[in-house]
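Take a moment with the model below. Then we will walk through it, from the whole chain down to single residues.

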Amino acid sequence: MNVATALPEISQEDRLRADLYNYLGLILVGPPDQMLLDQTAGLTGDDTALGQAIQGLARVAKVSKPKAVQSEYNALFIGLGRGEILPYASYYLTGFLNEKPLANLRNTMAKFGMARAEDVFEPEDNIASLMEMMAGMIVGRFGRVASIEEQKQFFSAHIGNWAAHYFTDLQTAKSSVLYASVGAVGSAFVDIEREAFRMTAS
């Protein structure tokens, strides 16, 4: 391996951040199978707001069955025509799909060498994709590790301006059971990230 292309060392804290972004991306992109439910049931938290939310999610996952969660997912995100919640930045920020927030995101993706997978047909500004992109930037999945300033800019431009509202809606949606707990974890995590980026020098 060429030393010049070696990725910088990633701190344990950043790996944990990336893991949680990845997890949220995974559970939001489609209904979890039994393996993911079992892994979720095994999560442990601490006394922080995020830790408590993770413990709550683990408790719900422990008694959840894949078939019931698939029905919940369909009601929330697919529905007859459309689901209860539209998980797209454009919709939350403008009231319409495929608007300027999506165009802005595509410009950012191009700069980082990110591309939508060929088998994915949803707009890139859906919450699951954004969680996955953020995780990739933290650990260097797109060729290099993004600086804290780059992470902050991406978060502010594409996540921080709507995700808290989305995760709150997920907690209160009438079809939400497992996903109400996912929303609680997302909400607490976005709050932590926003505050951490606020405290970094611009």
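What radius of gyration does the chain have, and what would a compact globule with 202 residues have? A compact globule of that length would have a value near 17 Å, and the chain has 17 Å, which agrees. The radius is taken over C-alpha atoms, and the globule rule is 2.2 Å times the number of residues to the power 0.38. Along the principal axes, the C-alpha atoms fill a box of roughly 50 × 40 × 35 Å.

Some ground rules come next. This is a predicted model, where local features need pLDDT of at least 70, side-chain atom pairs count only at pLDDT 80 or more, and totals for chains, interfaces and linings use all residues. Residues are numbered from 1 along each chain as its sequence is written, and side-chain values use heavy atoms, with hydrogens and water left out.

The chain has 10 helices and 0 strands. Both kinds of element are DSSP runs, numbered from the N terminus: helices are H or I with at least four residues, strands are E with at least two. Of the 202 residues, 45% count as buried. Buried means under 20% relative accessible area, exposed over 50%, and partly exposed in between (1.4 Å probe, protein chains only). Contact means heavy atoms within 4.5 Å. Among contacts between residues at least 6 apart in sequence, 66% join residues at least 24 apart.

Now look at helix α4, residues 66-78. Val69, Glu72, Tyr73, Leu76 and Phe77 are buried there. They cover an arc of only 100° around the axis, which puts them on the same side of α4. That arc is the one spanned by directions from the helix axis to the C-beta atoms. An α-helix has 3.6 residues a turn, so residues three or four places apart point the same way. The cover over the buried residues of α4 includes α1 (12-29), α2 (34-41), α9 (163-172) and α10 (178-199). Just after α4, Gly79 takes a positive phi of about 60°.

Move on to helix α5, residues 89-94, which holds Ser90. Is Ser90 buried or exposed? Ser90 is buried, with a relative accessible area of 0%. Leaving aside neighbours within four places in sequence, Ser90 is in contact with residues including Phe96, Leu97, Pro101 and Asp125.

Finally, find the aromatic rings. Rings of Phe, Tyr and Trp (its six-membered ring) pair if their centres lie within 6.5 Å. By this rule the count comes to 10 aromatic pairs. Tyr91, Tyr92, Trp162, Tyr166 and Phe167 form one aromatic cluster.

Methods. Phe/Tyr/Trp six-rings, centres within 6.5 Å; stacked < 30°, edge-to-face > 60°.
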